[in-house]
Amino acid sequence: MNLHSGKKRFYVYDLKKNLIIASGLMSHGSCNDLVLFTAKFSNDANSGCSSLGKYKVGNAYDGRFGKAFKLYGLEATNSNAYYRFVVLHAYSCVPDVETYPVPICNSLGCAMVSPNFLKQLSLFIQREKKPILLWMYQ
């Protein structure tokens with residue numbers, strides 16, 4: 001999350017092959033501000049902020065923004081993710097290409113990506129038999 005939001009900062013990493021197999025843009029939470037250019041973090045309910053830490057990617061469901069994946073926080077810094085409805089989802093304001101130095105839109109704490117990137121991620125997530133780890137770090 002230290003990278004500018006207009007640069008690719010969501011990476012799919014294959015541990016067996018030791019390489020990045022996909023990458024895309026990802027928003028950070030607005031912390032309930034109109035626009036937040038630099039990410040801030042909180043695990044508090046209704047904070048609107050992203051939470052750092054490791055997440056288990058859960059099942060897909062149809063939510064407010066279409067297909068989404070539940071996220072289960074695995075650390076003290078993101079333990080409320082499930083109850084805060086912090087999920088992995090797409091939204092049309094996230095583009096497919098880098099916009100740096102222009103930032104992209106904010107979420108309310110969710111890992112929000114472009115619709116096309118979520119389609120790509122869905123293929124990886126749904127074909128994997130073992131749990132998938134999403135690690136949001138600074």
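Biologist: Is Ser122 buried or exposed, and at what relative accessibility?
Modeller: This is a predicted model. Ser122 lies in helix α2. The cut-off for buried is under 20% relative accessible area. Ser122 therefore counts as buried, at a relative accessibility of 5%.

Biologist: Which residues does Ser122 touch, not counting residues up to four places away in sequence?
Modeller: Ser122 sits in helix α2. Leaving out residues up to four places away in sequence, its partners are Lys67 and Phe69.

Biologist: In what order do the elements of the chain run from the N terminus?
Modeller: There are two helices and seven strands in the chain. Read from the N terminus on, the order is β-β-β-β-α-β-β-α-β.

Biologist: What radius of gyration does the chain have?
Modeller: The C-alpha atoms fill a box of roughly 40 × 30 × 30 Å along the principal axes. For 138 residues, a compact globule would have a radius of gyration near 14 Å. The chain agrees with that, at 14 Å.

Biologist: Which element gives the most to the largest nonpolar core?
Modeller: That core has 24 residues, and Phe10, Leu71, Leu88, Val113, Leu121 and Met136 touch the most other members. At least two residues each come from β1, β3, β4, β5, β6, α2 and β7. With five residues, the element that gives the most is α2.

Biologist: Which residues are in contact with Leu88, leaving aside neighbours within four places in sequence?
Modeller: Leu88 is one of the core residues that touch the most other members. In soluble globular proteins, nonpolar side chains tend to be buried together. Beyond its neighbours within four places, Leu88 is in contact with Phe10, Ala68, Phe69, Leu71, Ala111, Val113, Leu118, Leu121 and Ile125.

Biologist: What share of contacts between residues at least 6 apart in sequence joins residues at least 24 apart?
Modeller: Of the 138 residues, 43% count as buried. Among the contacts between residues at least 6 apart, the share joining residues at least 24 apart is 53%.

Biologist: How far apart do the centres of the positive and negative side chains lie?
Modeller: The chain has 16 positive side chains and 8 negative ones. The centres of these two sets are separated by 5 Å.

Biologist: Is Asp14 buried or exposed, and at what relative accessible area?
Modeller: Asp14 is placed in strand β1. Leaving aside neighbours within four places in sequence, Asp14 is in contact with Leu19 and Ile21. The cut-off for buried is under 20%. Asp14 is therefore buried, with a relative accessible area of 18%.

Biologist: How far apart in space are Asp14 and Arg64, C-alpha to C-alpha?
Modeller: Along the sequence, 50 residues separate Asp14 and Arg64. In space, their C-alpha atoms are separated by 30 Å.

Biologist: Which peptide bond is cis, with omega near 10 degrees?
Modeller: Most peptide bonds are trans. The loop between β5 and β6 holds Pro101. The cis bond runs from Tyr100 to Pro101.

Biologist: What is the phi of Cys31?
Modeller: Most residues other than glycine have a negative phi. Cys31 is found in the loop between β2 and β3, and counts as buried at 15% relative accessibility. Its phi is positive, near 55 degrees.

Biologist: Is Phe85 buried or exposed, and at what relative accessibility?
Modeller: Phe85 belongs to the loop between α1 and β5. Although not a glycine, Phe85 has a positive phi of about 60 degrees. The cut-off for exposed is over 50%. Phe85 therefore counts as exposed, at 60%.

Biologist: How far apart in space are Thr77 and Ser42, C-alpha to C-alpha?
Modeller: Thr77, in the loop between β4 and α1, is partly exposed at 45% relative accessibility. Not counting residues up to four places away, Thr77 touches Asn43, Ser51, Leu52 and Gly53. Thr77 and Ser42 are 35 residues apart in sequence. C-alpha to C-alpha, the distance is 7.4 Å.

Biologist: Which residues does Cys93 touch, not counting residues up to four places away in sequence?
Modeller: Cys93 is in the loop between β5 and β6. At 31% relative accessibility, Cys93 is partly exposed. The C-alpha atoms of Cys93 and Pro115 are 9.2 Å apart. With residues up to four places away left out, Cys93 touches Cys105 and Met112.

How values were computed. Residues numbered from 1 in each chain as written. Predicted model: local features only at pLDDT ≥ 70, side-chain atom pairs only at ≥ 80, totals over all residues. Heavy atoms only, no water. Core = buried A, V, L, I, M, F, W, Y, C linked by side-chain atoms within 4.5 Å. Buried < 20%, exposed > 50% of the residue type's maximum accessible area, 1.4 Å probe, protein only. Helix = DSSP H or I, 4+ residues; strand = E, 2+ residues; numbered from the N terminus. Contact = heavy atoms within 4.5 Å. Rg over C-alpha atoms; globule rule 2.2 N^0.38 Å. Lys, Arg positive; Asp, Glu negative; His and termini not counted. Charge placed at Lys NZ, Arg CZ, Asp CG, Glu CD.
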